Structures are given as C-alpha cells and as structure tokens.
Amino acid sequence: MSTENEGSAVPPAPGPHPAPPAPHPNPAVPPAPDYEPSAGRQPTASDAPIGSPDAAGQPGAPNPASGASGPGADAGQAGTWWSADGGQQPGGPGEGQGGQGGPGGPWGTAPVPPPGPSERKPRGLVAALLAAVLVAGAIGGGIGFWAADREGDGSDTTTVSAYGNPKTESRAPGSVSSIANKTLPSVVTIEAQGNNGESGTGTGFVYDKQGHILTNNHVVASAADNGKLTATFSNGKRYTAQVVGRAQGYDVAVVKLKNAAGAKLNPLPLGNSDRVAVGDATVAIGAPFGLSGTVTTGIVSAKKRPVASSDGGGGNASYMSALQTDASINPGNSGGPLLNADGGVIGINSAIQSAGNGSGLGESQQSGSIGLGFAIPINQAKNVAEQLIKTGQPIYPVIEATVSTKDSTNGATIASNGTGGSPAVVPGGPADKAGLKSGDVITKLDDTAIDSGPTLISEIWTHQPGDKVTLTYKRGGKVSKADVTLGKRKGDS
C-alpha cells in the first residue's frame with residue numbers, strides 16, 4: 001500500500017541529490033492505488049480506487065360491495081362485482097483525471113502522479129469521483145465489470161466470482177421454478193376487443209387438447225358478441241379465438257383457439273380443490289397490468305370465502321365460495337391458474353380485495369394487490385366448463401326463493417316479493433315444497449354458517465341440481481330445519 005503523503009510535500013535534504021529511482025518496469029502501468037478493502041469482507045464497488053467505476057444501480061380491485069338489488073338466488077341476484085427496455089447505452093471512458101486521453105492510464109485505473117512535489121486539491125478529488133459515478137451510472141455495470149476484470153493484464157485490480165449453489169440450480173421437482181417452467185407454456189394472455197371499443201386483458205390456460213381455454217367470464221365478456229379475441233402463448237405465438245360458452249353467475253368462460261394446428265396444447269393437470277388446506281403453498285400465474293407470464297407465490301389463506309363480485313359493467317353479480325390466497329394477484333391475473341405445490345390447478349384467479357377505490361380485475365382498474373386474492377375452486381369450475389363445452393350454457397342449482405342481498409350478519413332473509421312483484425317463494429319450487437316462507441331467515445346450509453344472501457347463493461352454487469341439502473332457518477324466534485332437493489335453472493337470466 002502506498003504511503004505517499006497526500007497533504008504537502010517534504011523538502012529534500014540538503015546536499016547532493018541522490019540518484020533518481022529506477023524506472024518502473026512497465027511505465028504504462030500506474031503504481032498501486034491507495035486502497036485497502038475493509039478487513040473481514042470481500043472488496044465491493046464502494047471500495048474501488050478513485051477513478052474506477054462504481055457498480056451501477058438498477059433504475060431503480062376492488063372492494064366487493066354487497067347491497068345491490070337484483071334477482072335473488074334463483075335469478076342470480078345482483079351485487080357489486082369486483083373481479084380480480086431499456087437497454088444500456090454503450091459509452092466511453094470518462095474524461096479528466098483517470099479518463100482515457102488524460103494524464104493517467106486507461107479508464108478505471110488510478111492516475112500517474114506528476115513527478116516532484118505537488119499538492120492534490122480536494123476539488124480535483126471530488127471531480128474524479130463524480131466523473132466515475134456519472135459514467136458508471138450512464139453505461140451500467142457492463143464496462144464497470146470490464147474495468148475490474150482485467151486480471152493478468154498488468155492491472156492491480158481483482159474480481160470475486162459468486163458460484164451457484166448446485167441444489168438451487170437443480171430446479172428440483174416441486175420447486176416454484178420447476179412448476180413455473182412446466183406451467184408457463186400452457187398459460188395464455190387473452191386480449192378482448194368489443195365492437196363498442198371496450199377492451200380488456202386477462203389470462204387463461206389450456207384445458208384440453210382440442211384447444212379449449214378456461215378463463216373468467218368477465219375477461220371475455222366484451223368480445224362475446226362478434227368482438228375480437230386473441231390468445232398469446234409464452235413463446236409469443238398468437239391465435240384468434242372464439243367464445244364457446246360463458247357463465248356470468250359463476251364467472252367462468254370457455255374459449256377455443258381457431259386454426260390451432262401448430263399450437264402446443266398441453267393441458268394443465270387439475271388438482272382437487274376440496275382437499276386444499278389452509279396454509280398450503282400456492283403459485284399464481286397471469287398477466288398483471290399486461291405483464292404476461294408473471295409468477296407469484298403465497299399460501300391458501302382461507303377456504304369457502306363467500307364472494308359476490310362484478311365486472312362493473314352493470315350485469316348480474318357472480319357468486320363464489322372462494323379460495324383465498326395471499327399470492328400477489330392484480331388486474332390482468334383474472335382467469336389465470338392458481339396452483340398447488342404439485343403444480344395442479346386448484347382454482348381460477350378471479351377477484352381481489354383492494355385498499356383503493358377501484359373494483360375489478362380489469363385492465364382499467366389501477367388498484368393493486370394487498371394480499372387478498374380470491375379464486376374459483378377448480379372442482380366447481382371444471383363442472384361449469386364441461387357444461388359450457390357440451391351445451392354452451394351453464395346450469396345453476398336453485399331453491400327458487402328470492403333472498404335479500406343486503407349486508408347482514410344474521411343470515412339470508414327470504415324477501416317479501418320476487419322480481420317484478422312475483423312471489424318470493426316460487427309455488428311448487430324446492431323451497432316451497434320444503435315449507436319455507438317469506439321472512440324466514442336461513443342461518444345454515446348443512447354445516448356451513450350462512451350470514452347473508454350472497455353467502456347462501458355461493459354455497460348453493462357449489463352443488464349440483466338434484467342434490468339434497470339441509471337448511472336451518474329461524475321463523476318467529478323458533479329454529480327449524482328443512483330438507484331441500486335443489487332444482488335447476490339453465491342459462492343466465
């Protein structure tokens with residue numbers, strides 16, 4: 001390490017001048033810089049000698065609201081939906097002290113001090129540092145590394161390489177990277193363009209080898225009536241698509257690729273959403289804010305979370321008994337897969353609760369994730385998808401009774417009247433046959449607590465027409481039970 005006094009020169013002793021020092025063996029190489037890394041750690045960019053480059057730094061929805069009026073359990077009562085290059089420019093060395101063409105050596109090395117006594121002014125020191133920082137900031141880490149990695153060329157700088165961990169780089173089965181690698185080729189970014197100028201971006205995934213893609217209804221709704229629909233794979237190949245069928249109440253849709261002969265159709269394996277446990281690991285894949293192929297992770301935060309959601313388009317609400325996850329989900333993730341630790345699809349990402357005022361997972365909404373995402377359980381979505389592929393229309397299980405959708409914690413109250421003044425309990429329908437009447441407050445469906453109308457609807461829709469369920473209800477302060485065989489309604493109305 002140099003011990004040169006950098007403050008002021010010491011006058012030579014009187015008498016004959018000693019012989020001049022021997023010339024440096026390589027005049028092109030300057031003397032070692034006055035630099036010593038801190039003890040106990042590797043050299044970093046902040047330890048670099050004056051004039052060397054610094055390491056360049058990198059440059060650095062919705063609130064589901066209950067209470068909207070509309071049809072009840074039978075008619076899909078309305079609620080308020082909330083659905084879920086810069087390259088481095090080449091640059092040259094800096095000018096001035098330490099820069100190429102200046103009095104020093106190549107850019108990135110310390111300057112050769114002038115012969116004889118001199119005074120190094122602080123102003124020049126600051127200028128050299130500033131030039132190094134600005135140049136490094138302008139051209140990034142590429143040249144910074146070039147200047148530091150010149151071992152064996154006569155410079156006195158060294159580099160330290162970080163070697164990868166073999167266990168990490170193995171991408172073991174079950175790791176997030178392994179799941180993402182297998183899943184991404186089967187996830188598509190969907191762009192929908194309506195005839196009225198309405199558009200949106202969402203996600204979908206390959207459902208079968210026939211070219212069917214599973215997604216959310218609110219992703220494709222704008223293009224359902226003679227609009228334009230495209231699906232883009234992770235390899236950049238884009239295909240036009242058409243809507244096969246959609247279920248507004250379930251918020252599920254199936255689209256099919258046109259001219260998909262060259263597409264690699266690898267259906268994603270489906271998990272069992274009924275066997276999911278709170279705390280299970282999750283992986284979400286989608287195109288948040290149009291950023292295709294985004295992978296996020298989290299856990300299952302809750303099961304059977306009642307969610308009433310809307311796309312904000314004024315249509316009927318959808319209801320789901322959702323899987324809740326803290327995996328980051330944002331507008332554009334809608335319709336994408338929620339995966340378990342085995343890479344199986346356990347849900348379709350559909351809605352988020354946001355701290356902002358936005359509502360929905362549409363591209364126009366700017367509210368972001370706060371760790372409250374909701375997915376349609378895949379067991380339910382699979383049943384709906386099969387209905388849509390087979391008939392083009394959804395089938396809903398119903399009790400044929402209109403219930404209030406207003407906020408409540410006491411249960412689902414059967415309304416006084418149905419739509420357009422019709423009876424709230426349809427004569428001869430399942431609820432009527434079970435003895436239910438207007439004013440009854442349903443508090444349980446089998447063993448599931450019911451705190452509101454939307455909760456009742458979302459729970460009923462997890463079943464199939466013809467299933468038998470037991471409803472617990474209150475009438476005049478008395479608690480009673482009724483066995484109900486669920487009826488069916490075909491299509492959205």
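Predicted model: local features only at pLDDT ≥ 70, side-chain atom pairs only at ≥ 80, totals over all residues.

Reader: What about phi of Asn 226?
Author: Phi is positive there, about 60°, although Asn 226 is not a glycine. Glu 400 is another residue other than glycine with a positive phi, in its case near 55°.

Reader: And where is Glu 400, and how exposed?
Author: Glu 400 sits in the loop between E13 and strand E14 (412–413), and with a relative accessible area of 23% it is partly exposed. The cut-off matters for this residue, because buried means under 20%.

Reader: Changing topic, which strands close into the barrel, and in what order?
Author: Six strands make the barrel, in the order E7-E8-E9-E12-E11-E10, and their pairing is antiparallel. From one strand to the next the twist averages 50°.

Reader: How many bridges join E8 to E9?
Author: There are seven bridges between strand E8, residues 294–309, and strand E9, residues 318–325, and the two strands run antiparallel.

Reader: Staying with E9, why does Gln 324 count as buried?
Author: Gln 324, which lies in strand E9, counts as buried because its relative accessibility is 9%, whereas the cut-off for buried is under 20%.

Reader: What is Gln 324 in contact with, leaving aside its neighbours in sequence?
Author: Beyond four places in sequence, the contacts of Gln 324 are Ile 299, Val 300, Ser 301, Ala 302, Arg 305, Leu 372, Gly 373 and Phe 374. Val 278 is 46 residues from Gln 324 along the chain, and the C-alpha atoms of these two residues are separated by 9.0 Å.

Reader: Now to H4: which of its residues are buried, and what covers them?
Author: In helix H4, residues 176–183, the buried residues are Ser 178, Ile 179, Ala 180 and Thr 183. Their cover includes strand E1 (187–193), strand E7 (281–286), E8 and strand E10 (337–339).

Reader: Let's move to the rings. How many aromatic pairs are there?
Author: The count comes to five aromatic pairs. Phe 233 and Tyr 239 form an edge-to-face pair, 5.7 Å centre to centre with 85° between the planes, and both Phe 233 and Tyr 239 are buried.

Reader: And why is the pair of Tyr 396 and Trp 461 tilted?
Author: The planes of Tyr 396 and Trp 461 are at 45°, with the ring centres 4.7 Å apart, so the pair is tilted. This pair links distant parts of the chain, with Tyr 396 in strand E13 (residues 395–398) and Trp 461 in the loop between H8 and strand E17 (468–475), 65 residues apart. Both Tyr 396 and Trp 461 are buried, and together with Tyr 250 and Tyr 319 they form one aromatic cluster.

Reader: Last topic: how many residues has the largest nonpolar core?
Author: The largest nonpolar core has 54 residues, and those with the most contacts inside it are Leu 214, Val 252, Ile 399, Ile 442, Leu 456 and Leu 471. H6 gives the largest share of this core, five residues. Apart from it lies another core, of 19 residues, which include Leu 229, Ala 241, Ala 263 and Leu 265.

Reader: You named Ile 399; what does Ile 399 touch?
Author: Once residues up to four places away in sequence are set aside, Ile 399 touches Pro 430, Ala 431, Ile 442, Leu 456, Ile 460, Val 484 and Leu 486.

Definitions and conventions. Residues numbered from 1 in each chain as written. Heavy atoms only, no water. Pairing = 2+ DSSP bridges. Helix = DSSP H or I, 4+ residues; strand = E, 2+ residues; numbered from the N terminus. Axes fitted to C-alpha atoms, helices over the stretch in contact; angles between N-to-C directions. Buried < 20%, exposed > 50% of the residue type's maximum accessible area, 1.4 Å probe, protein only. Contact = heavy atoms within 4.5 Å. Phe/Tyr/Trp six-rings, centres within 6.5 Å; stacked < 30°, edge-to-face > 60°. Core = buried A, V, L, I, M, F, W, Y, C linked by side-chain atoms within 4.5 Å.
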